[in-house]
Amino acid sequence: MPELSTVLLRRLHTVYVDQAGPRRGDPSTTEGLTALEAELLDRGYALTGPLRSALAWLGPTGLAAAGTQLIGDIDILLGADRTHMPLFRSFPASVPDDTHALWIDRVLTLLLQWPDQPCVLCATVGSVHPVAPCAHLVCRTCWDGEDYTGCPICHRRVDGDDPFILPSPDPGEVPSGGGPLRLLAFGTDRAADSVTALGKLLARRTPLSPQDTEEARVLLAHVPAGLDWLPDVIPVRETKALVLGTLLRERRTRERVRALLPERLTTATDVLRLLAVWSGGEAGLLEPPRLRSLPRPLRRDLLAVLDGLDPALLVEDVLRHEDLWKRAVVHSGDLERRGFLWTDVHLPDDEGYHSVRAHQEDLARIGRDLFQYFSTGRTTLWELAGWHAAARCSEVVVLRRTPRPSDPDELWTYRRGSGEDTAAFAARLVGLRDPDGVLASADVEALAGTAASGRSVFLALVDGEVAPAGASGSVYRLLPGPVDGCGLEQLAAGDLVAALG
């Protein structure tokens, strides 16, 4: 991911100077600064007055660090396959003796090839003139040399009778940049500049490119925590999901973003795009990531958004990404917090065949009624699985999905204590209280599979990703997976209920 300095340089031509200042006894940096200006000119850039003053204040060490970083960032923007004559790279150890002459020669050559250049004072592109003897480019509207005895940029004394350098009739080597110079401004507020650059990206009416998306994430990490800067309208839905999802991942902005979700998320696909960004993927949904679990408050917020949508439009929207929505429903929360319901519904045929779309309004109404009726007072699959595990095993392992996508998942181990009866052990397990061991890992499925290998086990899984080798016993899983090939007896939800009597 690029640095903020590179992003702001690309987007706003802004440069920040926060390197070390001068120390007593330091030599002059005048020649070094001229060499830096020459290298920037060779790349098609020029310093504005405030930025040059800030660089001139630095000591040799600070100027060397600032100049090296600036040249490096610009080379990243321009690409590495370019040639130039380095003057500044050896500073402060040395600079060429003819640095000033080379700088003036490059300025005059540039003016002969491309006379219309920006004034470094007002940025207006047009007829400019090089001030004598320093060759800084200004227009006569800003400075004509009559009322001042020094250059308005570097303050070097000028000749009042002839304050400008006359171009040479014999141009030297043509600078490789070409066209008008790009002016580099002195940055003073990174957060404000991040908001300005980000605002230009969010106003676009076409999806962001991969580079734009990556740089938008960098800018989002540096915007103020207050969201007053956020535009009322973001035209592209993928961009809107990128912004909201990225800010939700940040602890400093999460609560403020949650308050905006009912207003900003207007379709079910908006919610799905948000889940993709939350899970570390892209909002375009072309390559959906593995969806991560949500904190309970955020899950309630998103369910409230979906509940507030028009049922007919909601069903139609969900059917556009049917497979991904199935995964989103399963992974929207931890297993112990889910309740599942299977209901058979008769749909009359239409013109000799069944059409789900023809009944989308009826299905939406049925789904809402069933959810309202069965959402409270029901035994969850997590409770069934916990009771079975506590009754069958003295040691139980639980896979815990962490709320933050950037944090590793955890493997919680429970062991029946001495004198702890089955009811107490089950209560501790189902309530996820006082585990005997916690292990964080990026691949908890592999760890759980290793723990169950070669043993008599009872597995209760969502997606069947745990695959123990050489194990015996039984398994309940919602979705198929590698566990289906392990030779374990497969149980249905009814088997779990029947076994408890």
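The model is predicted, so local features require pLDDT of at least 70 and side-chain atom pairs count only at pLDDT 80 or more, while totals for chains, interfaces and linings use all residues. Residues are numbered from 1 along each chain as its sequence is written, and side-chain values use heavy atoms, with hydrogens and water left out. The protein chain has 18 helices and 13 strands, taken as DSSP runs (helices H or I, at least four residues; strands E, at least two) numbered from the N terminus.

**Chain as a whole**
- Of the 501 residues in the protein chain, 45% are buried, where buried means under 20% relative accessible area, exposed over 50% and partly exposed in between (1.4 Å probe, protein chains only).
- Contacts (heavy atoms within 4.5 Å) between residues at least 6 apart in sequence join residues at least 24 apart in 64% of cases.
- The accessible surface of the chain comes to about 25600 Å², and 52% of this belongs to carbon and sulfur atoms; the areas come from the Shrake-Rupley method with a 1.4 Å probe, and for residues only the protein chains shown count as cover.

**Helix α8**
- Helix α8 (residues 237-249) has 13 residues and should span 18 Å at 1.5 Å a residue, which agrees with the 18 Å between its end C-alpha atoms; the expected span is 1.5 Å times one less than the number of residues.
- Because 10 of its 13 residues are buried, α8 is largely enclosed by the rest of the structure.
- The buried residues of α8 include T239, K240 and the run from A241 to L248.
- Their cover includes α6 (190-202), α7 (210-220), α9 (254-264), α10 (268-278) and α11 (296-307).

**Charges over rings**
- A charge sits over a ring if NZ of Lys or CZ of Arg is within 6 Å of the ring centre and within 35 degrees of the ring normal.
- The charged end of R182 lies over the ring of Y45, 4.5 Å from the centre.
- R190 is placed over the face of Y16, with 4.2 Å to the ring centre.

**Backbone features in loops**
- A132 and P133 are joined by a cis peptide bond with omega of about 10°; P133 belongs to the loop between β5 (129-130) and β6 (137-138).
- At 22% relative accessibility, H13 counts as partly exposed.
- L432, also not a glycine, has a positive phi of about 50° and lies in the loop between α16 (422-430) and β10 (437-441). L432 is buried, with a relative accessible area of 16%.
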